[in-house]
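Take a walk through this model with me.

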Amino acid sequence: MDTANRTHIITPSLTLSTDSKAKQMKAAGEDVVSFAAGEPDFDTPDHINAAAQAAIESGFTKYTPSSGIPELRQAVADKLKADNGIDYQPEQIVVSNGAKHACFNAIMAVVNEGDEVLIPAPYWLSYPEMVKMAGGEPFVVATTAENGYKLTPDQFRENLSPSTKMVILNTPGNPTGAVYTEKELCELCEIAAEEEIYILSDEIYEKLVYGDHKHISVAAFSQGIYDITITVNGFSKAYAMTGWRLGYTASAPKIAKAIDALQSHSTSNPTSFAQKGAMAALKGPQDSVESMRQEYDKRRKRMFELLQAIPGMKVVEPNGAFYMLPDISEFQLDSVRFADKLLEEHKVAVVPGAAFGDDNTVRLSYATSMDSIEKGVERLAKFCKGRL
Ligand SMILES: Cc1ncc(COP(=O)(O)O)c(C=O)c1O
């Protein structure tokens, strides 16, 4: 007896497996520097922890409405208005088990068997797998380093077909760190509106933008674009809450209802007391968000400077999130072999770009200490030198 067909068409997450391999080596006493993790290395701020602890102590440990507690849905709507300039009613918000679950819900809610979903590459590795699980076809469009790894309006138009149902935009982006400008996004979204294509706008890294760059929420552009956009965001990256599993979608009422129906029969509500922590995150002081951002920015500058100094390595300056995606094509190894050898020979963990649809690159996360950045990139430089 075999497992279901849908389990054969998906590939397990390479980011999680690389990270766990590095963790196993570390646990065995090896001096590993890991750039593999996609999570903040900071602790969740105390006031958020305290709110969840108080919720447990007061017995707030039972089921909640499947879409989340009303006050959290209201707090999310308030945040989307204040930070992003988008008007949503609480009924349009569904709180889910992480932004990953929110993306999955969004795709499941609108993609039919055979529908195409246009995904600019390099992409966050779960998008194509989610589309396949929904019965759709991921349609991957490669972007270029010259264009800062961003989809252009021409590329978008050229790759549309009558089956295109959705486009996924992720800004700031994982794994590229690319941040689209308002103009770039507006042009893409106008095409989507004209062609009646849903937009999944994954904004999980919204708080991590650097320099003069700004995060833009596309649902704020116009009523037409608002109607076709499912905005995804969450708590993992901005508030260092990866293990809490809390994210959300904001969408037109019809889509929100469909998402709620799916969620009510699959996972029900996100964890009750975690939702109280999320309330504290949104309503409490925001200074820790800014201090973490500033620390990432320092690391970003240092890692960029060090990577640029490696002969043969090409790297586009990332303007958001906490990743760098250097091009390794000069070193005569595909990305999986590059990452394997680097880990075996120099004890540095990176994620092969093949996982993100670009075999010429590897991804390094700078959500790690400055010391690790110095030490790990020095080892990487030695490895690269030996391969030229
Ligand atoms: C682009 C992107 N979207 C969504 C997620 C999922 O975030 P969460 O931990 O809230 O599920 C991640 C996590 O790495 C991500 O990089």
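How far is an oxygen atom of the ligand from an N or O atom in the side chain of Tyr205? The distance is 2.7 Å. Keep in mind that the model is predicted.

The side chain of Ser236 places an N or O atom 2.6 Å from a ligand oxygen. Lys100 takes part through its backbone: a polar atom there is 2.8 Å from an oxygen of the ligand. On its own, the ligand has 400 Å² of accessible area, and the protein covers 92% of it. The surrounding shell holds 13 residues. Asn174, Asp202, Ser236, Lys237 and Arg245 are the closest. By class, the shell splits into five nonpolar, four polar and four charged residues.

The peptide bond from Asn174 to Pro175 is cis, with omega near 15°. Pro175 sits in the loop between β5 and α8. Pro172 also lies in the loop between β5 (164-170) and α8 (182-195). A cis peptide bond joins Pro172 to Thr171, with omega about -10°.

Other loops carry backbone angles to check. Tyr149 is not a glycine, yet its phi is positive, at about 60°. Look for Tyr149 in the loop between β4 (137-142) and α7 (153-158). Is Tyr149 buried or exposed? Its relative accessibility is 8%, so Tyr149 counts as buried. Ser268 is another non-glycine with a positive phi, about 55°. Ser268 belongs to the loop between α10 (253-264) and α11. With a relative accessible area of 28%, Ser268 is partly exposed.

Now turn to α4. This helix has 15 residues and spans 20 Å from first C-alpha to last, close to the 21 Å expected at 1.5 Å a residue. Its buried residues are Leu72, Arg73, Ala75, Val76, Ala77, Lys79, Leu80 and Asn84. The cover over them includes the strands β2 (93-96), β7 (229-234) and β8 (247-250), and the helix α11 (272-283). Just past the end of α4, Gly85 has a positive phi of about 70°.

Pick out Lys79 in this helix, which runs over residues 70-84. Why does Lys79 count as buried? Its relative accessible area is 9%, and the cut-off for buried is under 20%. Beyond its neighbours within four places in sequence, Lys79 contacts Asn84, Glu206, Asn233, Tyr248 and Leu282.

Thr44 counts as buried because its relative accessibility is 12%. Its side chain reaches the backbone oxygen of Ala240 at 2.7 Å. Apart from neighbours up to four places away, Thr44 touches Asn49, Tyr239, Ala240, Met241 and Trp244.

Next comes α12, residues 287-308. It has 22 residues and reaches 32 Å, close to the 32 Å expected at 1.5 Å a residue. Among its buried residues are Val289, Met292, Arg293, Tyr296, Arg300, Met303, Phe304 and Leu307. Look at how the numbers step along the helix. An α-helix has 3.6 residues a turn, so residues three or four places apart point the same way. The buried residues of α12 are covered by elements including β9 (323-324), β12 (362-365) and α14 (370-385).

Follow the chain out of α12 towards β9. Gly312 lies in the loop between them. At 27% relative accessibility, Gly312 counts as partly exposed. Leaving out residues up to four places away in sequence, Gly312 touches Asp327, Glu330 and Phe331. Gly312 and Asn112 are 200 residues apart in sequence, with 44 Å between their C-alpha atoms.

End in α13, residues 335-346, at Leu342. Leu342 has 0% relative accessibility, so it counts as buried. Which residues does Leu342 touch, beyond those up to four places away in sequence? They are Lys347, Val348, Val350, Leu380 and Phe383.

Conventions
Residues numbered from 1 in each chain as written. Predicted model: local features only at pLDDT ≥ 70, side-chain atom pairs only at ≥ 80, totals over all residues. Heavy atoms only, no water. Near = heavy atom within 4 Å. Polar contact = N/O pair within 3.5 Å; in protein donor to acceptor, adjacent residues only side chain to side chain. Areas by Shrake-Rupley, 256 points an atom, 1.4 Å probe, with all protein chains shown as cover. Nonpolar A, V, L, I, M, F, W, Y, C, P; charged D, E, K, R; others polar. Helix = DSSP H or I, 4+ residues; strand = E, 2+ residues; numbered from the N terminus. Expected span 1.5 Å × (residues − 1). Buried < 20%, exposed > 50% of the residue type's maximum accessible area, 1.4 Å probe, protein only. Contact = heavy atoms within 4.5 Å.
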